[in-house]
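Visitor: I'm new to this structure and would like a close look at one part of it. Could you take me through the charged side chains and who they pair with?

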Amino acid sequence: MGKKIIMLILLLGTLTLAHGQKRKITGTVTDKITNETLPGVSVIVKADPSKGTVTNIDGAYTIEVDENASFLVFSFIGMNKVERAIGESNTIDVELEPTTSQLDEVVVVGYGTESKKLLTSSISDVSLKDIEKTPTSNVDEALQGKTAGVNISSNSGTPGGGISVRIRGMSSISGGSTPLYVVDGIPIITGDLGQVSYSGQNIDAISNLNPNDIESISILKDASSAAIYGARGTNGVVLITTKKGKSGKTIINASVSMGVEQMWNKPDLINSEEWLAYQNDLNGTDINPAMDTVNTDWIDEVTQLAPVANYEISAAGGDSKTKYYMSGSYFTQEGILKSTSFDRLSGRLNLDHRPNRKVHFGAKLSISGSENNRVEGDQSLHAPLAVAMSLPSTYPVYNSTGAYDQSGPYANPMAIINEATNTANAFSNINNAFFNYEILNGLTFDTRWGLDYYMLNEHSFDPPTTRQGAQTNGMGFETFNRSTNFTSNNTFNYIQSVGENAATGKSDLHNFNLLAGYSFEKYKRSSSFIQGVEFPHEDLQYVGSAATIQDASASSVETGTNSFFYRGKYNYKYKYLVNFTGRYDGSSRFGANNQYGFFPGASAAWRISEEAFMKSIDLISDLKLKGGFGVTGNDNIGNFRAIALYTSSNYAGAAGIIPLQIPNEDLKWETTYQSDIGLTAGILKDRITVNMSYYYKRTTDLLLDRPIPGSSGFTIYADNIGEMLNKGVELTLNASVIPNVWTLNFNIAHNKNKVTKLYNGIPIENIGRGNQRIAEGEPISHFYGYNALGVDPSTGYMVFEDINNDGSITEADRTIIGDPHPDFAGGLTNTFSYKNFELNILFQYSYGNDIFNATRIYTESLGITGDNQSTNILDRWQTPGDITDVPLATSTPNPVTKLYNNVGSSRFIEDGSYIRLKNLSLAYNVDQKVLDKLKLNSLKVYFSAKNLFTFTNYSGLDPEVNYAGNDNVVMGVEFFTYPSVRTFTFGINIGI
């Protein structure tokens, strides 16, 4: 009996000990669709909801459970809840799926990610699926027409050319206006770093980034979201996340596409017979127009059907600890203008490794090289397209000896195309590495280091066989630019949920996310330029062979920034949400008295749909009211504008030093204060989603040059004195019209710009070829000139309005004649799916903007210049009583007003509104049964057409281009600008 009692006691003790034993379960939670890790996921023990945790910034978790615990429950806003049996495993990785058709529930924000439904600020995102629907060679082009408030336009059709991106209007006059681009958490070098102007044919460093390597793009539009980027957030922030591997079988994807480009809008120019008739009218001669046998179509001579192709291969895979993505691509494109082309070779390797639940590190490496062959731009007398439109058709390509005919008023464009060389070679290397460590449950440290290296070399040579080269027996130049940007971001991130939520049964009543960080950047640019003339032979085209060096220069500049930043997020029951951000930025560009600036932001949201009174309204599945305020800066004000500068000089044959600039120690960043309020709604279980926003954006301390007395030895002084206002509304509508068959995305935005302060109210006038002007109380860069009332039937001269009614037409009668800013702009995308077919149609539109068609100043000059003329002059005034809007042919001004007929006036202002079928793509995905037989994962063939149709009343080559490229203040002006092209492409994608 005693032995039995002892055994019973031992057994009870063992059971008690076993019951008291605990063990740790670890794992990672990811989004099944995007493969992104999910921070903030609730993990609880099913039998005891009070025991739980949340995943950290890398989606990792650790939870301590009793030995007899059976199930864990994983839940996250916008995701289906998952239960997993614990069993004997100590590692449980989970993939969560979205609860609705809106698949991309998690978006990238500054230094982190966030659920779409928990966003409190204005952020737009473009997913991998959206990017793949519109094949493109440029990152910015992939965003066109897809996001409200983001105005993207092609500056020209130049292969590899830059694109203009404006987020919520213009916020600067002399500073930069392009957004900040951040790739995988590291700011990168962007913009045109070339030293030779080709007008709108600029080369943007971002064109070296392969868009097919991109997983997603987020655009921070309001100040509450962009404030965490401080002095560089005013123009918005574009966050680009590249692809990464996924655990499981290695997936190899290969794609090939080939196509052709064409000029979609050929200018209507008069032929030889019409030219001679026009000359008779102009000069009073009587030449028989039918006698001339030369009738050269110069546009046909300089343009071509141009091939374009892209070759791509990638591999992605990994296991639970190590994942990888690698790719290589070759893109080649010839331009519709002969001798222009763009070739890019790029490669990428993304690696990440998680040896245990606490440690996560990796690296992302990319390398690319490109060659861009250009021709001189529209503002040159040696620009092939401009000359082809200006040279009368009475001149032949070759003369009787077989040489290029150079007897015309301008250079022979075919000589320029065939003989001149203008090549730009760029090399880009963007690398970053990261290390993440979980210090405590919910507290992680992350450090990221990045190096962006960009090199650009430009080579040009005009041999004596060209008119320009003949003047100096050959002319050539070489430029070299090397830029590096070294970046380090270091953050602590804490995620925690406390308090039991009766509604969910989880410990997520109060949810906190705190982030604090430090970053620094060091930028260095070195450049050189050398130009020579007098070359011994046309085959010796580098400057080393030049007998005379005409010009040479070299320079180097270094800038640096260091910053402290923070973000605090809190939500109560995922219903009431607040977000606070701030950044303390220091920059070498600022004056000594304003070396540092503080840029705060705050936003809040109320998820009305989570209230009890909304549960009975089945129609509305999601409803959220949000608002925010923030302060951002623009430090792109140039280098060393705040300090005294000196330069070298030649004094009496001896080297010397002279002052170049007087200092302004109070100089600082341009500051933008922005308020934003918005409403998002989901209808019919999110089959329809609506996002509306209103913003008010006031920019102060604009950098301007103000005049100072000449007695100081200088004429201008850089100072923060201007102010500007932008306000607008945005609307985005997404709808699954017929589930799994027809989806629709529509976006529209209106922005109103107004300059509110200039130095002493003095306007800035005569800007660019469009006679643009900046004045208080008016939109930036409005068109300013004479208001044309038509053609006087009795004389044939243009009639201009006498604004001040003084009886004469003078400069005082100039007035606002147009506005380059649209009343609204946006895009419409329709996607249709039927069985294995998918049709995607993207329209882009702009309404209410004016264009100054400066090309017509020459092609409709009617004798004032020697240019060829457009067919519009066939309707010119010829005899008294003629009723027409085209004046007479004459080389003299109006004897009364003393103004020429082609003076800058509303005669050349046109409605620039357009609707463009930006992209149409039809794809067929091969059936799974066939794939199984072929042992393939996927096989897609597709056809794509870009710029297929354009509906516009604009008479010029292209309503989208701008001759000055990405210029801040010259906009909406066409001047013999290389037009956008129409492209047809066939392609095949194979997954193995």
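Guide: Let's start with a word we'll need: a residue is buried under 20% relative accessible area, exposed over 50%, and partly exposed in between. Keep in mind, too, that this is a predicted model.

With that in hand, take arginine 641. Its relative accessible area is 22%, so arginine 641 is partly exposed. Arginine 641 makes a salt bridge with aspartate 705, and their closest N and O atoms are 3.0 Å apart. This pair links distant parts of the chain: arginine 641 sits in the loop between S29 and S30, while aspartate 705 belongs to strand S33, 64 residues apart. Aspartate 705 has 43% relative accessibility, so it also falls in the partly exposed class.

Phenylalanine 640 is in the loop between strand S29 (620–634) and strand S30 (645–651). Its phi is positive, about 60°, although phenylalanine 640 is not a glycine. Phenylalanine 640 counts as partly exposed because its relative accessibility is 29%. Over in strand S33, which covers residues 688–707, you'll find aspartate 701. Aspartate 701 is not a glycine either, yet it has a positive phi of about 60°. At 18% relative accessibility, though, aspartate 701 counts as buried.

Now for the wider picture of charge pairing. Side chains of opposite charge can pair when their charged atoms come close. In this model the count comes to 41 salt bridges. One of them joins arginine 23 to glutamate 67, with the closest N and O atoms 3.8 Å apart. Arginine 23 lies in strand S1 (residues 22–31) and glutamate 67 in the loop between strand S4 (60–66) and strand S5 (71–75), so this pair ties together parts that are 44 residues apart in sequence. Here the two partners fall into separate classes: arginine 23 is buried, with a relative accessible area of 15%, whereas glutamate 67 is partly exposed at 38%.

Another salt bridge runs between lysine 51 and aspartate 48, and its closest N and O atoms are 3.8 Å apart. Lysine 51 is partly exposed, with a relative accessible area of 29%, and aspartate 48 counts as partly exposed at 25%.

What about a charged residue that goes without such a partner? Have a look at aspartate 850, which is in strand S44 (residues 850–853). Aspartate 850 is buried yet has no salt bridge, and the nearest side chain of opposite charge, lysine 752, is 11 Å away. Leaving aside neighbours within four places in sequence, the residues in contact with aspartate 850 include Phe783, Pro820 and Ile909.

One last stop, for the strands themselves. Five strands form an open sheet in the order S10-S15-S16-S13-S14, with mixed pairing. Strand S10 (123–127) and strand S14 (186–187) are at the edges with a single partner strand each, so one side of each is left without a neighbour in the sheet. S14 pairs with strand S13 (residues 180–183) in the antiparallel sense, over two bridges. Within that pairing, valine 183 has isoleucine 186 of S14 as its bridge partner.

How values were computed:
Residues are numbered from 1 along each chain as its sequence is written. This is a predicted model: local features need pLDDT of at least 70, side-chain atom pairs count only at pLDDT 80 or more; totals for chains, interfaces and linings use all residues. Side-chain values use heavy atoms; hydrogens and water are left out. Helices (H or I, at least four residues) and strands (E, at least two) are DSSP runs, numbered from the N terminus. Buried means under 20% relative accessible area, exposed over 50%, partly exposed in between (1.4 Å probe, protein chains only). Lys and Arg count as positive and Asp and Glu as negative; His and the chain ends are not counted. A salt bridge is a side-chain nitrogen of Lys or Arg within 4 Å of a carboxyl oxygen of Asp or Glu. Contact means heavy atoms within 4.5 Å. Two strands pair if DSSP finds at least two bridges between them.
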